[in-house]
Amino acid sequence: MHYCNIMDKNKFGLLSNIRYPDDLRKLKEEQLPEVCKELRADIIDEVSVNPGHFASSLGAIEITVALHYVYNTPEDRIVWDVGHQAYGHKILTGRREQFCTNRKLHGVMPFPSPKESEYDTFTCGHASNSISAALGMAVAAEKENKQRHVVAVIGDGAMSGGLAFEGLNNVSSTPNDLLIILNDNDMSIDRAVGGMEQYLLNLDTNATYNKLRFKASTWLHSKGYLNDDRRKGIIRLNNAIKSALSHQQNIFEGMNIRYFGPYDGHNVKDIVKILKQLKDMKGPKLLHLHTTKGKGYEPAEKEATIWHAPGKFDPETGERIVQDTTNMPPRYQDVFGETLLELAQQNPRIVGVTPAMPTGCSMNIMQKAMPERVFDVGIAEGHAVTFSGGMAKDGLQPFCNIYSAFAQRAYDNIIHDAALLNLPVVLCFDRAGLVGQDGPTHHGAFDMAALRPIPNLTIASPMDEPELRRLMYTAQLPDKGTFVIRYPRGRGVNQDWRCPLEEVEVGTGRRLSTSDGFQLQDTNKNAVAVLTIGPIGNDVEAIIKELNEEARTNGNKWAKEYAHYDMRFLKPLDSELLKEIATHFSHIITIEDGVRNGGMGSAVMEWFSDNDYTPHIKRLGLPDSFVEHGAINELKTIAGIDHNSIKSAILAWIK
């Protein structure tokens, strides 16, 4: 594995001598603030030149240091949620010398993963799973009689996810000693929304009461009163007293989860003191810590959304190094955002729904112009779909935008609360296909294979930006039912993308480029059809252009005819187009940026089989394994869907 510059790594007085938490625990408590300062500086230096998630990890520095100082990790378990808070954790747990490879191919993984380190107890690339996973670990430790402490760190808006509440409900009714740390920074990526976030923002505890209760709990713990069944009665008495003093019922204590806080999440010595008191306390506990996203780096503190993942920047000036995009095609997400606003101006029934990603999916464009018609529901993908279904049932036309990988969390809602009634919900899946450095938790690999069997769904993938606009226009027309449009992360191929908004006939594909002199004729052993869906079709267009040029240069040495078909719709498939292909081509290659198993290639094979056609078919797509993190071009090569691999597959049959 590649190692970072050792001289640079030795510039810190304390951090340079910390390879693992055992080294951290040798320090005096008075030295911990300096460790936090150096750790924060190290992350700023690294992320400024090797972009990644930034502000969230800066906000969790003191929590990270305190946890590894007090707890005997990795024997004691820390479950991070969301995982992009954990850069400090990675640096303190044996990966500092390799951290310059973060998010690079074969380098340090973008999120915690047990595959990488025993200190990474669970995977969390998205949100809200920590309480459930940590509770499972706590119960397992109890069943195996292991004296193991388990801590769930939940933050960045993850408490708004439904799974977090399911976990809390189970925590309150299952014997356990779990500690939940709520890293409350009032943010997810965009500023957090919803009743829970407002509740946490307003939640406060009388300072005098806090001190008295902490002293009382320490005394009761020393006498053993918090270590047996008597603690339940004491907790109920504590809750009653607190409710009387604060004139409110704490939601956590209402579930018989002992609540401590809110405290300053950036006072590392106080956090250490509190954790030591809570460490051996029996029963479920929640420690509420207020933090600032981007803490310690002024530009990130001021604009946390921009600095969530800022790209490269000058650490001294805070100037972001932004690529000049003047002569570049737009991002697909921006085409979506601009087109959605355009459609909403024409159709008063259109509303926008997003689970905490208005900026990430560019729905903030409509949100700025029509705030009353855009709903950010927090990190709650399942709710986003069902909420959209409810609005559609009573006359509205929701465009519900969810990242493809995150939409997996709403699979049942798509079936039960949209498709079953064929409600007019437009599901726009951003980040479909490979997404690059965020890795397997974020690749939009499974949407086509997962959704294809569901009745009543129309599933489409545009090859370029004008096609995205036309499909969005088509999806909101009357009687289109539940309509899925999937499109990739990143930029398209057309600078001139503002085409007229025209209807695309559902279930139709198109024949695009062909070999020089191509003519449709009866099936023969010399004909090859390449079938694609989505933007990967642009790669095939470039390849066929190359093949034609090479054929002209070499005296038309290619004996076979070939043609490229953009299927455009996965469901319904274009039967007339497939009949044409089956009649005139003996060899077929299908290419997609989703999993090969069950995807577009499988759908085409099933159609040919059902209709008694027997062409030779080769399927290209993502493998039956989780694709790692790295640059998209690198990952395409690994998956065999890069330019050279596709060209080789075509040539293998052309020759």
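Strand S16 (residues 587-595) runs parallel to strand S17, and six bridges join the two; in this description strands are DSSP runs of E of at least two residues and helices are runs of H or I of at least four, both numbered from the N terminus. This is a predicted model, in which local features need pLDDT of at least 70 and side-chain atom pairs count only at pLDDT 80 or more, while totals for chains, interfaces and linings use all residues. Residues are numbered from 1 along each chain as its sequence is written, and side-chain values use heavy atoms, with hydrogens and water left out. The protein chain has 25 helices and 17 strands, and 58% of its 655 residues count as buried, where buried means under 20% relative accessible area, exposed over 50% and partly exposed in between, with a 1.4 Å probe and protein chains only.

**The five-stranded sheet**
- Strands S12-S14-S13-S16-S17, in that order, form an open sheet with mixed pairing, two strands being paired if DSSP finds at least two bridges between them.
- At the edges lie strand S12 (510-514) and strand S17 (616-622), each of which pairs on one side only.
- Neighbouring strands of this sheet are turned by 20 degrees against each other on average, direction ignored, with axes taken as lines fitted to C-alpha atoms (for helices over the stretch in contact) and angles running from 0 to 180 degrees between N-to-C directions.

**The seven-stranded sheet**
- A further open sheet, also described as mixed in its pairing, consists of seven strands in the order S7-S6-S8-S9-S11-S10-S15.
- Its edge strands are S7 (374-376) and S15 (569-571), each pairing on one side only, and the twist from one strand to the next averages 20 degrees.
- Strand S10 (residues 457-460) pairs with S15 in the antiparallel sense over two bridges, and Ile459 has Lys571 of S15 as its bridge partner.
- Helix H20 (residues 465-475) packs on this sheet, where it touches S8 (397-403), S9, S10, S11 (482-486) and S15, and its direction makes about 170 degrees with that of S11; contact here means heavy atoms within 4.5 Å.

**Aromatic rings**
- There are 19 aromatic pairs, counted where rings of Phe, Tyr and Trp (its six-membered ring) have centres within 6.5 Å, with planes under 30 degrees apart called stacked, over 60 edge-to-face and the rest tilted.
- One of them, Phe446 with Phe626, is edge-to-face at 6.0 Å centre to centre and 75 degrees between the planes, and it links parts of the chain 180 residues apart.
- Of these two residues, Phe446 is partly exposed at 30% relative accessibility, whereas Phe626 is exposed at 61%.
- The rings of Phe518 and Phe585 are stacked, because their centres are 5.9 Å apart and their planes stand at 10 degrees; the pair joins loops that are 67 residues apart in the chain.
- Both members of that pair are buried, Phe518 with a relative accessible area of 15% and Phe585 with 1%.
- Phe54, Tyr297, Trp307 and Phe313 form one aromatic cluster.

**Cysteines**
- A search of the whole structure finds zero disulfides, a disulfide being a pair of cysteine sulfur atoms within 2.5 Å.
- The cysteine sulfur closest to that of Cys428 belongs to Cys400 and is 8.4 Å away, too far for a bond.
- Cys428 is buried with a relative accessible area of 0%, and Cys124 is buried with 2%.
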